[in-house]
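Could you walk me through this structure in my viewer, one selection after another? I am new to it and would like to know what to look for at each stop.

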Amino acid sequence: MEWDNQTFNPDFILMGIFSYTPTHVFLFSLVLGIFTMALLANTLMVLLIYLDTRLHTPMYFLLSQLSLMDFMIICTTVPKMAHSYLSGRKSISVAGYEAEICFCVSLCGAECFLLAVMAYDRYVAICYPLQYPSLMNWNLCRLMAASSWFLGVFDGIVDVAVTLSFSYCSQAISQFFCDVPALLHLSCMDTSTFETLIFICCEVMLLLPLSLINISYTRVIITIIRMSSGEVWHKTFTICTSHLIVVGLYYGVAMFIYKRPTSNRSPAQDKMVSAFYTILTPMLNPLIYSLQNKDVAKVFSKVLGKK
């Protein structure tokens, strides 16, 4: 038969986001710069919180988990993209593709839940300051952080298990990293059931934590308005605003990517938005939220002074 005489290549081909024009070479260099900044900023946050006992509180422990997740997300996507671009080898094995999907989905899902935990921590700290040590004790803090990791990994395993059950008519994927929506375009089978599953997962992974964040910050805003001290009001408002900016960036992009039906997707549009939340956001999080914190800045200045 004609099919038997054909050479079948089981590997997928990641088409990438950049060509070799001068403009794209500049953009690629910019991505490497962002990648380096994200690595340094998130590594610095984790080390500062780990080394200084003044930052050994639930709030900063959760910040260190956020930085760790951002560090792992950008290390999952950018090195492979850079290697493919520089070497010209765009192929990736099925096992490698599924592994990267598992890492990406797990980390993004875990970060969704962690941002909700961080909002709850701020709610308890601001609305119930006297009861904070008992309501947000270390055991509960570690349990909620571990639950965020567990739920994210569970979602990643489910996505990988389902995508492995499909057959694909093409190996050329119009994306620069391993992503579930981009893979669905290549399926020879009806993926409507899986798309429904993704929608349900998005309801749980995105809307449920986002609802908790909205409730927490509604109560926080009401409490802030009632504060009589201007200095306390300003400090509290600054911390909460930074967190809300991070939440808005992350959830807004994630819902744009995963809550649209496959028929309404544009590959070029998906690439740009995906680059935002897998490359740019991990750099912005420590700059917007973590490194602007006065306590962290004091510890950082202390470390520089010792050097």
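**Stop one: K271 and its surroundings**

Select K271 and show what surrounds it: leaving out residues up to four places away in sequence, K271 touches G16, I17, S174, Q175 and F176. Keep in mind as you go that this is a predicted model. K271 belongs to helix α9, which covers residues 267–290. Is K271 buried or exposed? With a relative accessible area of 15%, K271 is buried, because buried means under 20%. Now pick out S174, one of the residues K271 touches. S174 and K271 are 97 residues apart along the chain, yet their C-alpha atoms are separated by 8.1 Å.

**Stop two: helix α5**

Next, select residues 138–163, which form helix α5. Its 26 residues should span 38 Å at 1.5 Å a residue, and the end C-alpha atoms are 38 Å apart, so the two agree. Then colour the buried residues of α5, among them C141, M144, A145, S148 and G152. The buried residues of α5 pack against α2, α3, α6 and α7.

**Stop three: D52 in a loop**

Finally, go to D52, in the loop between α1 (22–51) and α2 (58–87). D52 is buried, and its relative accessible area is 9%. Follow the side chain of D52 to the backbone nitrogen of R54, which it reaches at 2.9 Å. Beyond its neighbours within four places in sequence, D52 is in contact with V299 and K302.

Technical notes: Residues are numbered from 1 along each chain as its sequence is written. This is a predicted model: local features need pLDDT of at least 70, side-chain atom pairs count only at pLDDT 80 or more; totals for chains, interfaces and linings use all residues. Side-chain values use heavy atoms; hydrogens and water are left out. Helices (H or I, at least four residues) and strands (E, at least two) are DSSP runs, numbered from the N terminus. Buried means under 20% relative accessible area, exposed over 50%, partly exposed in between (1.4 Å probe, protein chains only). A polar contact is a pair of N or O atoms within 3.5 Å; within protein, one must be able to donate a hydrogen and the other to accept it, and residues adjacent in sequence count only if both atoms are side-chain atoms. Contact means heavy atoms within 4.5 Å. The expected span of a helix is 1.5 Å times one less than its number of residues.
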